[in-house]
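Have the sequence and the 3D view handy.

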Amino acid sequence: MTTGESGAPIPATVLEGSGLTLRPWSPADLPWLVDAVADPDIARWTNMANPFTAGAAVAWVELQRSLQQAGTGIGFAIARTESDELLGSIGLFGIDGESGEVGYWLAWEARGQGVAAVALDLVAGWGVAGLGLARVWAQVAVGNEASRRVAERAGFELTGTVVAGCHDGDQATDAVVLTRWAPAR
């Protein structure tokens, strides 16, 4: 199934592996989401609203749903399979039938445990196999070495740079582009 060009909605999807479940966001997740996004590192390295209010959380979850309905993106809550403990967020966006950009963040208590690399591997593999994408790519701000290492552990390779492609707090900064290609057929 190739999604994006026709604008077909992306079906509701749950991905599981290595003790993680990637699932749609639910209204019950909103208080956790507001608390997690208050982390200064998330504000620094992502485009999440700052401050991230309860209203911003509702709007953000609705945006995930609307992108999925339009067939151009899908967002997942990252949770532990056993307990449904929330750990972070990952999504595939800008899906155009050939490629999609992945974005991810973890709550501070989930960092350094390999969670992001597993989630990224699950999403990238599904994007290629499930959506028929030729490539999944990430744009990572220069200086965000942890995020770059996550992508590399998930099989992404450095493919370019973008001048002022990301931000570091309130300032534009250069970014590296890391790509995971579909296997040759």
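What follows covers the nonpolar cores, then the aromatic pairs.

This is a predicted model, so to speak of local features takes a pLDDT of at least 70 and side-chain atom pairs count only at pLDDT 80 or more, while totals for chains, interfaces and linings use all residues. Residues are numbered from 1 along each chain as its sequence is written, and side-chain values use heavy atoms, with hydrogens and water left out.

A nonpolar core here is a set of buried Ala, Val, Leu, Ile, Met, Phe, Trp, Tyr and Cys residues joined through side-chain atoms within 4.5 Å; buried means under 20% relative accessible area (1.4 Å probe, protein chains only), exposed over 50%, partly exposed in between. The largest one has 37 residues, and Leu120 is among those touching the most other members. Helix H4 (115–129) is one of the elements supplying at least two residues, and H4 gives the most, with 10. Helices (H or I, at least four residues) and strands (E, at least two) are DSSP runs, numbered from the N terminus.

A second, separate core has 18 residues, including Leu33 and Leu86.

Now the rings: those of Phe, Tyr and Trp (its six-membered ring) pair if their centres lie within 6.5 Å, and planes under 30 degrees apart count as stacked, over 60 as edge-to-face, the rest as tilted. There are four such pairs, including these:

| Pair | Centres | Planes | Type |
|---|---|---|---|
| Trp25 and Trp60 | 5.5 Å | 75 degrees | edge-to-face |
| Trp32 and Trp105 | 6.1 Å | 10 degrees | stacked |

Trp32 in helix H1 and Trp105 in strand S5 are 73 residues apart. Trp25, Trp32, Trp60 and Trp105 form one aromatic cluster.
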